[in-house]
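I opened this notebook to record, one look-up at a time, what I searched for in the structure and what came back.

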Amino acid sequence: MRSTLASFIRMLAFAAALAGALAAGPASAQADGWPAKPIRIVVGFAPGTPPDIFARMYGDYASRKLGVAVLIDNKPGTAGNLASDTVAKSPGDGYTLLYNLSTAFTINPFIYSKLPFDPQKDLVPVATTMRQGLVLIATPKFPAGSLKELVAAAKEKPGVYSHASYGAGSPSQLIVESLKDEVGIQMLHVPYRASPVADLIGGQVDTLMEPIATGYPLISSGRVKALAYSGPARHPALPEVPTLSEAMPGFSMMSWHGIWAPAATPGAVLERINAVFVEASRDPELAKRIRELHSEPLGVTRAEMATMVRRDAEFYSRVVKARNIRVD
């Protein structure tokens, strides 16, 4: 059954409050022999995609630190839901983990009328890995060269210009929908099942909110131009590109990845996994590789991760409700 926003947020808050407590007490004894065999990380996206690449980076590090093989099992489908369902139905023994985009927990519960698992009860947050902002890019033919000029152009010609996305309910749609509401402009949303980049370069659509890891090469090569960045401050690789907060004061939205586990997994095991992944994010070599992809290593506590889920879910659910967005 589709969860209400209120119940979903209450559950996330409860998870955050308990995150520290899960590591204490008798559960610690259950982690003494862990890990004793290979660990499987189920990734919600196909091989070669950014989630797969980062999962393999962190999986290799964890394998070295834990002394067991860490195997990547790609299960793409329905915006990460297939992988989430697989792990939700797995034993809670610390040997099956989920690597997914945060949106599997901050957007999917609100755009799908029914999920085959309960994201509130069946899975718990374990560790974060990386985050990146999104950059609003435009076809070189687009008349606006900045966010300010885009707003002016859209107000002059309401509904004429378009913004592509990676599908209804994707961050690439929802962030732009929030911008449109905030500054009072109308633009045509064009959802894609695959990447809209080729059509953007060709001028079939005007703009796209793209993760910076994949957007930066397009910008630096001159195939597209950058109008705005979604992070809390201007990106060091694009210092001349304004943030969305310069049009929407206080606004910041980052895309991030993380690890989840079946809810029955012992707390001490979860804390051990978190410690290894936090250490990985602080490793100079791994951090360098992540920053070369214009992303940031991100290692936080389990309670902080639960707070991040709650914050993003509150933002995205408001936009989904306001736009009445459903994918089924």
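This is a predicted model: local features need pLDDT of at least 70, side-chain atom pairs count only at pLDDT 80 or more; totals for chains, interfaces and linings use all residues.

Entry 1, cavities. I searched the whole structure and found one cavity of 30 Å³ or more, and I recorded about 50 Å³ of space for the largest cavity. I listed its lining as Trp34, Ile39, Ile41, Ala62, Leu66, Val70, Leu97, Ile273, Val276 and Phe277. I then asked which elements supply at least two residues each, and wrote down β1 (39–43), α2 (50–66) and α10 (267–282); of the contributors, α10 gives the most, with three residues.

I counted seven aromatic pairs in the structure. I looked at one of them in detail, that of tyrosine 58 and phenylalanine 277, which is stacked, with 5.7 Å centre to centre and 0° between the planes. Because tyrosine 58 lies in helix α2 and phenylalanine 277 in helix α10, the pair ties together parts that are 219 residues apart in sequence. I checked accessibility as well, and both tyrosine 58 and phenylalanine 277 are buried. Phenylalanine 277 had already come up in Entry 1, as part of the lining of the largest cavity. I noted separately that Phe105, Trp256 and Trp260 form one aromatic cluster, and that the charged end of lysine 37 sits over the ring of tyrosine 95, at 4.8 Å from its centre.

I found a cis peptide bond joining tryptophan 34 and proline 35, with omega about 0°, and I placed proline 35 in the loop between α1 (5–18) and β1. Tryptophan 34 is also on my list for the cavity lining.

I then turned to positive phi values. Alanine 79 has a phi near 55°; it sits in the loop between β2 (70–74) and α3 (81–88) and is partly exposed, with a relative accessible area of 36%. Asparagine 324 has a positive phi of about 55° and lies in the segment after α12 (302–323).

Terms used: Residues are numbered from 1 along each chain as its sequence is written. Side-chain values use heavy atoms; hydrogens and water are left out. On a 1 Å grid over the protein atoms alone, a cavity is a set of points where a 1.4 Å probe fits but cannot get out, and a pocket is an open set with protein on both sides within 12 Å along at least five of seven lines; lining residues have an atom within 4 Å of a point. Grid points are joined across faces, edges and corners, and a volume is the space filled by probe spheres set on the points. Helices (H or I, at least four residues) and strands (E, at least two) are DSSP runs, numbered from the N terminus. Rings of Phe, Tyr and Trp (its six-membered ring) pair if their centres lie within 6.5 Å; planes under 30 degrees apart count as stacked, over 60 as edge-to-face and the rest as tilted. Buried means under 20% relative accessible area, exposed over 50%, partly exposed in between (1.4 Å probe, protein chains only). A charge sits over a ring if NZ of Lys or CZ of Arg is within 6 Å of the ring centre and within 35 degrees of the ring normal.
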